[in-house]
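Please have the structure open as you read.

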Amino acid sequence: MRKILITALILLPLSAQPTFRGFSGSTRKLVEWERRLRSIPEPGRVGTSLRKISLEPHHAGSPASKQVAEYTLGLMREWGLDAKIEVFEALLPYPTSRHLEMVSPARYTARLQEPAIPQDADSSDTNQLPTYNAYSGSGDVTAPIVYVNYGIPEDYAYLDKQGVNVKGKIVIARYGKSWRGTKAKVAQERGAAGCLIYSDPRDDGYFQGDTYPKGAFRPPDGVQRGSVMDMPVSVGDPLSPGWASEPGSRRLRREEATTIMKIPVLPISYRDAQPLLENLEGAVVPEGWRGALPLTYHLGPGPATVRLQVESDWSTRPLYNVIATIPGSEFRDQWIIYGNHHDAWVNGAQDPSSGAAALLETARALAQLRSQGWQPKRTIKLALWDGEEFGLVGSTEWVEKHLEELKNKAAVYINSDSNGRGEFRAGGSPVLESFVREVIRDIDYPGGGISVLDRLLSNRQQSADRDTDFRLGPLGAGSDYVAFVHHAGVASLNLGFSGTDSGGIYHSIYDSFDWYKRFGDPDFLFGKALAQLVGTAILRLADADVLPFDPSSLAKAVRRNVNDLAKQTHHQVDLSGVLSVLTSLENNGARYEHTLRIALENRPPESTRLLNLNRTLLGMERALTTEGGLPGRPWYKHLYSAPGLYTGYGAKTLPGVREAVESKNWEQAQVQAGALAAALSTFDKCVRNSIQQLNTNVP
Ligand SMILES: [Zn+2]
């Protein structure tokens with residue numbers, strides 16, 4: 001194999017040899033360090049730390065969560081990294097009582113309990129957090145129920161047409177399509193008295209495949225826990241929106257918090273949902289609303305009438321973020337940050353231990369390189385966040401605490417979370433698209449004899465997808481990158497493998513080591529691949545002479561989205577300001593590419609000039625943010641993407657303009673188009689400054 005490779009390299013014309021964006025001169029040393037780095041991660045070690053982290057239920061605020069933080073801190077220190085724990089505090093409600101009972105026309109008391117399974121050692125652990133939705137309102141309500149499908153705004157529009165009103169009723173929505181918090185929010189806005197969210201077997205259960213423990217899919221009593229914080233408005237501790245919550249710091253009263261639900265919300269299993277749905281009458285639901293339970297789905301309301309009672313212990317509890325720092329030699333004040341959360345709803349073998357274990361292998365590889373004499377030019381920070389499941393709390397409080405420093409120093413934030421067998425998936429800031437493409441070109445896909453990039457491209461060619469090149473999807477609100485990209489304006493990435501590992505254990509007690517060993521990533525090869533991939537990305541980001549941002553990709557991404565938006569504006573919004581700055585940006589983006597190539601081919605740029613150039617580049621992503629934030633949600637400051645107000649996890653691109661257009665608020669759309677044009681213009685100026693700073697290096 002090796003011989004063939006060398007021959008191939010010699011035969012390749014110079015232009016076809018691997019490029020390393022942002023590097024000048026010989027890349028021989030880089031290639032050697034990378035080779036060493038990628039030889040370090042071991043599947044066995046991924047498995048060992050995954051087992052340790054997922055050994056006991058370790059939800060945020062629990063003693064076990066602190067123990068996991070201390071375990072990872074110990075490992076990092078053992079490897080010689082300078083690591084510490086930063087403590088925050090946040091409102092983390094735990095359930096104290098939950099009751100769901102059908103009072104008529106038949107009686108049924110819901111179990112609200114996931115039973116232990118003999119084949120799964122962890123399923124009988126003590127200290128499991130009961131099934132609940134964090135930040136549900138407390139309350140005790142009795143009302144007829146209405147089936148609302150996925151509980152998205154379009155579903156309510158259909159109910160309106162059918163003359164079904166949910167005011168004062170308890171709605172029952174199925175998981176899927178939108179983020180769970182959005183289901184609760186829409187129900188509340190519609191005047192519902194309560195909200196039940198269940199996993200229908202069609203989307204998450206026996207319709208998908210054999211259920212656990214026979215197969216990977218959700219068993220009848222499995223329940224998806226999760227937060228219903230209003231995350232599209234702001235994330236982090238609901239009592240300290242926009243500032244860090246530490247022992248002794250200022251807090252809102254609970255009644256003042258805007259991201260906590262007011263109505264009771266409870267997640268239930270399909271076993272508990274079935275008797276309720278069986279006792280609904282009213283119109284038969286349209287085909288797209290039908291799940292896979294053995295019954296005819298009706299809209300209601302009633303006659304099924306239920307009593308729903310939820311109460312929480314609204315305590316403020318500690319959070320333990322683990323942070324390791326590798327100081328940079330040349331650009332000490334430019335930070336490359338990589339994080340993954342360590343807290344779980346229960347044992348969390350897949351979510352988040354699979355990602356956390358890969359991060360630990362990346363950390364070990366970087367530490368080992370250091371002991372061999374490597375020193376990064378930029379400062380690297382590795383983070384294991386606490387409180388992600390409640391609403392990205394640990395990472396958000398950390399960003400809010402260090403906001404000014406991050407705005408000055410953070411160059412790139414990389415995030416990972418659940419990882420397993422499947423395809424490579426990447427979301428992120430468009431300026432990093434070319435960079436990520438180069439990284440995955442050089443990473444072997446597990447067991448495939450093919451690079452991660454080639455695998456991705458060949459999959460695309462086989463599919464009907466006409467867009468065959470690699471693209472980064474826009475970032476919504478799925479994991480800990482949110483405060484970095486949407487609040488602080490740091491160029492960010494979210495990376496991982498998934499797909500083949502899909503199953504039905506998400507946020508349940510069955511997300512266990514036994515499940516993961518059978519269905520997640522049995523040989524931990526995808527854990528190793530993620531460690532290699534992110535390690536390589538960090539090495540290149542930390543050592544590049546010039547930060548490897550590509551403004552052209554941003555211009556292209558905005559162009560695609562503006563074209564798409566223009567079709568929806570019905571000539572009500574004048575986008576000419578956006579279009580003219582976009583044209584300038586496209587030209588300058590191309591000029592930047594050209595100038596960068598020539599500058600780096602000639603000679604390594606002189607160091608003070610490099611420092612200034614990198615400082616300019618570091619501010620580039622920030623240019624896409626606006627101080628006042630998005631309409632109605634000032635915490636979200638990024639104008640390229642945001643979680644949709646009514647889609648939750650799912651991202652909206654150009655959210656300011658798009659959401660105004662979608663709600664036909666033309667006046668607001670026009671104001672937002674102005675804000676977008678202004679941000680793009682600042683970005684464009686950044687690109688022009690970079691060209692100027694590069695030009696001084698061209699002889
Ligand atoms: Zn997670």
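Between domain 2 and domain 3, about 1,000 Å² is buried, and carbon and sulfur atoms give 62% of that area. Buried area here is the accessible area (1.4 Å probe) that two parts lose on being put together, summed over both. On the domain 2 side, Trp179, Pro232 and Val233 lose the most area to domain 3, together 43% of what that side buries.

This is a predicted model, in which local features need pLDDT of at least 70 and side-chain atom pairs count only at pLDDT 80 or more, while totals for chains, interfaces and linings use all residues. Residues are numbered from 1 along each chain as its sequence is written, and side-chain values use heavy atoms, with hydrogens and water left out.

The domain bounds come from an automatic or database domain assignment:

| Domain | Residues |
|---|---|
| domain 1 | residues 28-89 + 322-432 + 476-543 |
| domain 2 | residues 94-314 |
| domain 3 | residues 551-695 |

The C-alpha centres of domain 2 and domain 3 lie 38 Å apart. In contact (heavy atoms within 4.5 Å) are 14 residues of domain 2 and 10 residues of domain 3. Helix α6 (residues 180-189) gives the most to the domain 2 side, with 5 residues. Helices (H or I, at least four residues) and strands (E, at least two) are DSSP runs, numbered from the N terminus.

Now to the sheet. Its 7 strands are open and mixed in pairing, in the order β3-β2-β10-β5-β6-β7-β9; two strands pair if DSSP finds at least two bridges between them. β3 (108-109) and β9 (265-268) stand at the edges with a single partner strand each, so one side of each has no neighbour in the sheet.
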